[in-house]
Amino acid sequence: MKYYLIYTDGFNFDKIIGFSKFIDLSINENKLSDIVQFTNTFKNYQELLEFLYYNGLIPDMNGKINIGYKSKKDSSLNILPFGLSFKGDAKFFDFNYLSNYYINHMTDEKFMNNFLNRYYNYLKNTPNVGTFITNIKNNYEIYLEKHIQPLGCHIEMRYFLNNYTYKKYKNSYKRDFTKLRDLAMFAINYSRQKEIIRQDDLNDREIILQIKHIKELLQQENLDEEVIETYENKINYLENLMNGKGRNRQ
């Protein structure tokens with residue numbers, strides 16, 4: 001599998017080549033973990049976009065930046081889901097932090113419903129992880145019914161995360177970064193949604209900056225419909241808030 005940082009403009013896809021020459025990191029531009037390491041050096045999407053444009057790596061700042069990939073069996077370029085991560089998201093790629101995040105959200109109904117909708121049917125019959133994801137689902141249903149988490153439910157989640165992200169290479173096992181990224185970006189996008197929903201007590205300048213930030217997040221391809229809806233609803237809410245609808249002005 002080969003990965004690329006890509007610039008999309010409508011249906012046109014262009015690989016962004018040579019960005020490693022402008023940074024102090026030694027990275028492989030076709031390796032997913034290295035591309036993520038690169039984007040994680042930037043504060044946000046706008047900072048990345050400006051870096052690429054002012055170094056002559058993209059033609060303008062009107063398109064969208066994403067991560068694309070090509071498999072050996074398929075020559076077409078596809079886009080990875082969930083968009084990009086940035087400096088504040090880097091902690092999610094630490095397995096211990098990520099595991100604790102998932103475990104700490106096992107009583108969060110919105111998080112667990114989204115998690116099971118994404119992973120349960122896809123993985124329930126998969127060797128090594130099917131049993132764990134099934135146990136997680138069963139334990140969650142018990143929690144919903146009795147409001148008590150069954151003993152061992154945290155261990156089941158940790159086992160699932162560990163087994164799902166490990167892959168056998170010859171005679172040893174190592175962390176599969178593609179799967180680690182998928183889990184990390186799922187958590188990152190959920191965290192972003194919660195952060196946006198929380199930020200209600202803002203002045204006009206803060207509202208303008210928040211709207212700009214959310215619009216930057218919407219620039220990313222392959223966002224879940226629920227994520228897009230959350231972002232768009234928040235923009236409408238903030239615009240109404242700034243126009244005096246929804247809060248009392250002094």
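## Contacts and overall form

Of the contacts in this predicted model with a separation of 6 or more, 65% join residues 24 or more positions apart; a contact here means heavy atoms within 4.5 Å. Local features need pLDDT of at least 70, side-chain atom pairs count only at pLDDT 80 or more, and totals for chains, interfaces and linings use all residues. Residues are numbered from 1 along each chain as its sequence is written, and side-chain values use heavy atoms, with hydrogens and water left out.

Along the principal axes, the C-alpha atoms fill a box of roughly 55 × 50 × 30 Å.

## Helices, strands and burial

The protein has 9 helices and 6 strands, which are DSSP runs numbered from the N terminus (helices: H or I, at least four residues; strands: E, at least two). Buried residues, those under 20% relative accessible area with a 1.4 Å probe and protein chains only, make up 43% of the 250.

Helix α1 is largely enclosed by the rest of the structure, because 6 of its 8 residues are buried. Those buried residues are Leu32, Asp34, Ile35, Val36, Phe38 and Thr39.

## The largest cavity

Let's look inside: there are 2 cavities of 30 Å³ or more. On a 1 Å grid over the protein atoms alone, a cavity is a set of points where a 1.4 Å probe fits but cannot get out, and lining residues have an atom within 4 Å of a point. Points are joined across faces, edges and corners, and a volume is the space filled by probe spheres set on them.

The largest cavity has a volume of about 50 Å³. Its lining includes Met106, Met112, Ile136, Tyr140 and Cys153. Helix α5 (residues 130-146) gives the most to this lining, with 4 residues. The lining divides into 7 nonpolar, 2 polar and no charged residues; Ala, Val, Leu, Ile, Met, Phe, Trp, Tyr, Cys and Pro count as nonpolar, Asp, Glu, Lys and Arg as charged, and the others, Gly among them, as polar.

## The second largest cavity

This cavity has a volume of about 30 Å³. Val36, Thr39, Ile67, Gly83, Leu84, Ser85, Phe93, Arg181 and Met185 line it. Two or more of these come from each of α1 (32-39) and α7 (177-198). The lining residues divide into 5 nonpolar, 3 polar and 1 charged.

Methods
On a 1 Å grid over the protein atoms alone, a cavity is a set of points where a 1.4 Å probe fits but cannot get out, and a pocket is an open set with protein on both sides within 12 Å along at least five of seven lines; lining residues have an atom within 4 Å of a point. Buried means under 20% relative accessible area, exposed over 50%, partly exposed in between (1.4 Å probe, protein chains only).
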